[in-house]
Amino acid sequence: MKNICLSLLLLWGITAFSQRARDTIASEQLKADRTFTVSLPLSYGKEKNKKYPLLVLLDGDYLFDAFNGAMSYANYWDDLPEMIIVGIDQNGTREDDSMMDDEGLPEEQGAHFFDFIATELMPALQKKYRVAPFKIIAGHDVTAGFLNLFLYKEDPLFDAYIAMSPEFGEQMLERIPTRLQVIKKPIFYYLSGADGDLKENMKVVHDLNQNMGTVKNSSLYYNYDEFKGATHYSMVLYSIPNALYHIFSAYQPISTDEFNTKIVTLPSDYVGYLTKKYDIIEKSYGMKMPVRLTDFKAIEAAILKNNAFSEFEKLSAIAKKNYPKSMLGNYELAMFYEKTGDPKKAAKAYMSAYLMDEIGDLTKDMMLDKADEMKKGSAKKPKEIQETPTETPTEEKKP
């Protein structure tokens with residue numbers, strides 16, 4: 001891009017020990033250099049073809065560490081997807097960067113900062129990093145108000161908005177719900193406040209939340225939190241995990257509650273539930289990912305609990321597609337034959353699984369044991385029939 005210089009602080013050969021670095025853009029819009037912090041996922045250097053959602057933080061000076069820490073913890077448990085996190089430095093410039101007129105439109109430095117993000121920063125990030133289609137923006141007080149401006153574009157630049165104790169004029173109280181009413185693509189919007197917040201911010205948050213209640217748009221995923229006993233600053237630490245878990249609710253692994261209330265209670269099509277779950281992840285977040293092993297186990301448990309053994313064949317097909325080199329697909333197929341009364345084919349499928357890679361808690365020893373069990377069961381059946389004596393009438397014994 002013309003007149004844009006990205007420094008070479010980040011190299012493509014990223015290792016697990018150099019996931020965070022400082023970078024700078026010489027901005028034509030701002031007529032100055034703007035520095036930001038980038039955090040890349042631990043898997044970034046290993047999975048060369050994988051793309052990651054992007055999280056852009058206004059007020060990156062103090063929001064970056066808080067978001068990065070929450071993400072690191074959630075990534076460990078695979079509750080949230082790995083993301084590229086970018087925190088924009090605004091120390092000393094945040095008020096000017098967030099300048100808006102009475103009608104809630106960017107003006108002066110605010111207009112330049114808006115264009116900097118839209119026409120300089122975002123294209124540069126997408127050119128340099130493997131960014132997935134799903135993008136999030138977050139801010140606090142004045143920057144939380146400013147981030148709403150990106151909703152005004154015909155095709156909103158971001159897919160999810162985290163507004164923590166936003167601050168803006170009255171015009172935006174009507175503009176935001178009106179815009180969200182007509183947006184066609186899926187939009188996630190998280191709004192938060194606190195009972196110990198600044199009075200002017202509390203009013204804005206309450207009024208906006210009330211107005212959001214008028215929005216009837218199935219493409220909008222809205223959530224509001226008001227934290228008791230929190231202040232204007234402490235509410236940020238409460239908001240971050242709630243916001244992220246709201247946005248990525250569909251991404252999370254199947255939980256005990258989801259299993260008990262949504263899956264095992266179904267009359268049938270447990271494999272269909274699994275397929276739909278991952279279709280939603282791909283459609284909502286632009287992320288194509290393999291089905292988690294724990295999710296396979298959950299569907300397997302539902303099939304067993306409801307005696308829907310024919311569904312193991314469908315589950316086997318999904319397993320072979322997701323983990324083609326592993327024994328999982330043949331194991332599920334063997335379960336189909338075993339539970340539907342064909343031990344010979346079950347033994348053969350278990351032996352086929354034995355020849356493939358171990359995965360999760362499935363081992364070669366387990367496959368051998370299961371194959372032997374099926375062979376014995378198959379051999380025992382005719383023997384039992386042969387040895388069963390033919391019942392003949394006998395003389396009734398006298399007492």
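**Loops, sheet, cores and charged pairs in the predicted model**

Aspartate 59 is located in the loop between S3 and H1. The model described here is a predicted one. In it, aspartate 59 has a positive phi of about 55°, although the residue is not a glycine. At 1% relative accessibility, aspartate 59 counts as buried, because buried means under 20%. Aspartate 59 also takes part in a network of salt bridges, in which it is linked with Arg94, Glu95 and Asp141. A positive phi is found again at aspartate 78, also a residue other than glycine, with a value near 60°. Aspartate 78 is placed in the loop between H1 and S4. With 28% relative accessibility, aspartate 78 counts as partly exposed.

The sheet is considered next. It is open and is formed by 8 strands in the order S1-S2-S4-S3-S5-S6-S7-S8, with mixed pairing. Its edges are strand S1 (20-27) and strand S8 (220-231), each of which pairs on one side only. On average, and with direction ignored, neighbouring strands of this sheet are turned by 20° against each other.

Strand S4 has pairings of both senses. S2 and S4 run antiparallel and are joined by 4 bridges; serine 39 stands opposite isoleucine 85 in S4. S3 and S4 run parallel and are likewise joined by 4 bridges, and valine 56 has valine 86 in S4 as its bridge partner. S4 is mostly covered, with 5 of its 5 residues buried. From this strand, Ile84, Val86 and Ile88 point one way, while Ile85 and Gly87 point the other way; all are buried. Elsewhere in the sheet, strand S7 (residues 187-196) pairs with S8 in the parallel sense over 9 bridges. Glycine 193 has glutamate 226 in S8 as its bridge partner.

Helix H3 (residues 109-128) lies across a set of strands, namely S1, strand S2 (32-39), strand S3 (52-57), strand S4 (84-88) and strand S5 (131-140). The helix runs at about 125° to S1.

The largest nonpolar core contains 72 residues, of which Phe67, Ile136, Ile162, Phe248, Ile299 and Tyr350 touch the most other members. Apart from this core lies another, of 51 residues, including Val56, Val131, Phe168 and Leu180. When residues up to four places away in sequence are not counted, phenylalanine 248 touches Leu80, Pro81, Met83, Phe134, Ile136 and Tyr285.

Charged side chains were examined for pairing. The count comes to 21 salt bridges. In one of them, the side chains of arginine 20 and aspartate 65 meet at 2.9 Å, N to O. Arginine 20 lies in strand S1 and aspartate 65 in helix H1 (residues 60-76), so this pair ties together parts that are 45 residues apart in sequence. Arginine 20, at 47% relative accessibility, counts as partly exposed, and aspartate 65, at 48%, also counts as partly exposed.

A second salt bridge is formed by aspartate 295 and arginine 292, whose closest N and O atoms are 3.6 Å apart. Here aspartate 295 counts as buried at 0% relative accessibility, and arginine 292 counts as buried at 7%.

Lysine 297 and aspartate 361 also meet through their side chains in a salt bridge (3.6 Å, N to O). This pair links distant parts of the chain, 64 residues apart: lysine 297 is in helix H10 (residues 293-305), and aspartate 361 is in the loop between helix H13 (343-354) and helix H14 (364-387). Lysine 297 counts as partly exposed at 31% relative accessibility, whereas aspartate 361 counts as exposed at 52%.

Glutamate 332, in helix H12 (residues 328-339), is buried yet has no salt bridge. For glutamate 332, the nearest side chain of opposite charge is that of lysine 297, 6.1 Å away. With its neighbours within four places in sequence left aside, glutamate 332 is in contact with Glu300, Phe312, Leu315 and Ser316.

Methods: Residues numbered from 1 in each chain as written. Predicted model: local features only at pLDDT ≥ 70, side-chain atom pairs only at ≥ 80, totals over all residues. Heavy atoms only, no water. Core = buried A, V, L, I, M, F, W, Y, C linked by side-chain atoms within 4.5 Å. Buried < 20%, exposed > 50% of the residue type's maximum accessible area, 1.4 Å probe, protein only. Contact = heavy atoms within 4.5 Å. Pairing = 2+ DSSP bridges. Helix = DSSP H or I, 4+ residues; strand = E, 2+ residues; numbered from the N terminus. Axes fitted to C-alpha atoms, helices over the stretch in contact; angles between N-to-C directions. Lys, Arg positive; Asp, Glu negative; His and termini not counted. Salt bridge = Lys/Arg side-chain N within 4 Å of Asp/Glu carboxyl O.
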